[in-house]
Amino acid sequence: MVLLVLAVPLIVIGCFDMVQTKHSLRRNFPLIGRGRWLMEFARPFVRQYFIESDIDGAPINRMFRSVIYQRAKCNLDTNPYGTKIDTYRQGYEWFAHSIAAFHLKHQDADPRILIGGANCKQSYSASVLNISAMSFGSLSNNAIRALNKGAKTGNFAHNTGEGGVTPFHLAHNGDLIWQIGTGYFGCRSETGFFCEKKFTETAAHENIKMIEIKLSQGAKPGHGGILPAAKNTPEIARIRGVKPYVAVVSPPAHTAFSNPVEMMLFIQKLRDLSKGKPVGFKLCVGRPSEFVALCKAMVKTGIRPDFITVDGAEGGTGAAPLEFSNSVGMPLRDGLRVVCDVLTGFNLKKDVKVIAVGKIFTGFHMARLISIGADLCYSARGMMLALGCVQSLICNTNDCPTGVATQNAGLTKGLVVTDKSQRVANFHRETVKALMEILASAGLSDIVQVNRTHVFRRVDQICIKRYDELFPYLTPGCLLEEPYPAYLEKDVKEASADSFCPDKHIASCDEGLVVIN
């Protein structure tokens with residue numbers, strides 16, 4: 001009888017598989033063909049927990065996930081028996097230590113960077129490491145609370161993401177960087193355009209220390225933000241000013257400005273409306289000439305952003321088309337080099353702080369970016385892992401098992417704010433400490449002393465070059481008049497302060513540089 005009870009449902013399922021027309025595999029192999037979907041479901045978990053090595057795994061390998069967990073929990077984070085990395089492989093990089101190394105002093109473990117140019121009345125002293133943009137909606141309310149409380153505990157800043165400032169961002173009085181995207185959530189009119197009145201009201205909040213205009217993000221540059229319908233609850237819809245339970249796709253471009261000059265005027269408007277708070281913008285570099293156009297607009301108008309955030313194509317997101325994640329946008333180190341060099345070439349680098357973001361998990365990751373020209377860094381996925389993320393790779397389904405990237409109340413309750421906030425603060429503290437220990441090993445006492453001569457890369461089996469040899473420094477002001485440096489000549493000549501996209505394209509040919517349509 002027991003066998004019959006078990007067999008009947010299986011027979012029914014097998015018969016259904018035989019007559020259904022959707023799946024050939026199930027039609028040809030009734031019942032047992034379903035094993036394919038079971039194995040496909042289990043595959044990512046089997047690989048992560050049983051097969052991949054410490055240096056395998058994507059987008060974040062086990063070695064980096066482990067050190068984040070260890071530092072977040074204040075566990076032992078030292079590495080036994082030597083490196084697992086092949087130090088002779090092409091692309092291996094390292095920081096140059098010094099015979100004049102010294103012990104890190106306690107007071108050196110919290111470097112601060114002052115952000116705010118000549119027109120800024122409320123400059124902000126920022127930590128060298130901060131929480132990158134992640135919106136409420138993409139993350140749960142408990143995740144936002146924990147991040148903000150961690151920022152308050154560790155005295156660093158929390159970027160709101162483009163979803164707007166919510167009560168959860170304000171719950172623990174942590175410093176906020178308010179990000180404004182193309183959807184203008186939090187400062188949006190009923191028709192979806194920028195609203196000065198709503199912006200002024202929100203920007204006046206004392207916890208908001210800086211304002212960041214999002215032009216693009218690394219994981220999906222030029223695509224616009226995506227909030228899946230399953231995550232767009234009535235609460236989120238009310239905060240953002242949209243309809244609930246529909247996918248919210250932010251426009252690819254802003255409507256408040258249409259060219260570089262107008263963008264600089266918009267930056268000044270936000271600075272005035274916020275009573276002098278630092279205002280900057282975030283972008284993933286695409287065509288370098290478009291960033292040149294922004295710098296030409298800065299020179300033309302005399303208006304400078306207080307900071308620029310450079311996101312890399314390796315940046316993360318909860319949802320993005322595969323083609324955009326894999327094949328659109330410039331990787332961080334290349335984009336950072338372009339931004340820092342172009343700013344230097346227009347003699348603007350001294351006026352604008354540069355923030356780097358994209359797979360930053362360790363002190364060395366920060367030191368490498370600072371050597372190229374960044375002043376400070378953001379981390380998103382590092383902070384998510386500190387919250388308890390296990391890289392289950394289902395951020396876009398609303399089924400995050402750790403309650404980080406979901407709006408499912410049954411899953412969100414598993415994330416305990418008081419515990420996870422301390423882990424976020426721990427990860428920040430230990431990572432910044434690791435950065436300063438690296439600098440101390442090089443005989444450096446301040447992050448402003450780091451430069452491109454401090455990082456080495458193995459180009460091939462017999463050739464090693466420093467960053468200053470791979471990415472030579474430009475002379476300040478060299479892009480203000482001809483002759484231009486060769487590697488930026490095409491970009492400078494095709495860029496215009498009056499247009500984001502070039503109105504002409506300069507290309508190389510056998511006769512030199514020519515204009516093409």
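P483 sits in the loop between α16 (467–470) and α17; helices here are DSSP runs of H or I with at least four residues, strands are E runs of at least two, and both are numbered from the N terminus. Before going on, note that this is a predicted model, where local features need pLDDT of at least 70, side-chain atom pairs count only at pLDDT 80 or more, and totals for chains, interfaces and linings use all residues. Residues are numbered from 1 along each chain as its sequence is written, and side-chain values use heavy atoms, with hydrogens and water left out.

Most peptide bonds are trans, and most residues other than glycine have a negative phi. N347, in the loop between α11 and β12 (353–357), has a positive phi of about 60°, and N398, in the loop between α13 (381–387) and α14 (409–412), has one of about 70°. The cut-offs are under 20% for buried, over 50% for exposed and in between for partly exposed, using a 1.4 Å probe and protein chains only.

Now look at α9, residues 288–301. Its 14 residues reach 20 Å from first C-alpha to last, close to the 20 Å expected (1.5 Å times one less than the number of residues). Buried residues in α9 include F291, V292, L294, C295 and M298. Among the elements covering the buried residues of α9 are α8 (260–273), β10 (279–284), β11 (307–311), α11 (332–345) and α17 (486–494). Just after α9, G302 takes a positive phi of about 75°.

Finally, the largest pocket holds about 1,500 Å³ of space. A pocket is an open set of points on a 1 Å grid over the protein atoms alone, where a 1.4 Å probe fits, with protein on both sides within 12 Å along at least five of seven lines; lining residues have an atom within 4 Å of a point. Points are joined across faces, edges and corners, and the volume is the space filled by probe spheres set on them. Of the 43 lining residues, M63, F64, I85, T362 and H365 are closest to the centre. Helix α4 gives the largest share of the lining, seven residues.

Terms used:
Contact = heavy atoms within 4.5 Å.
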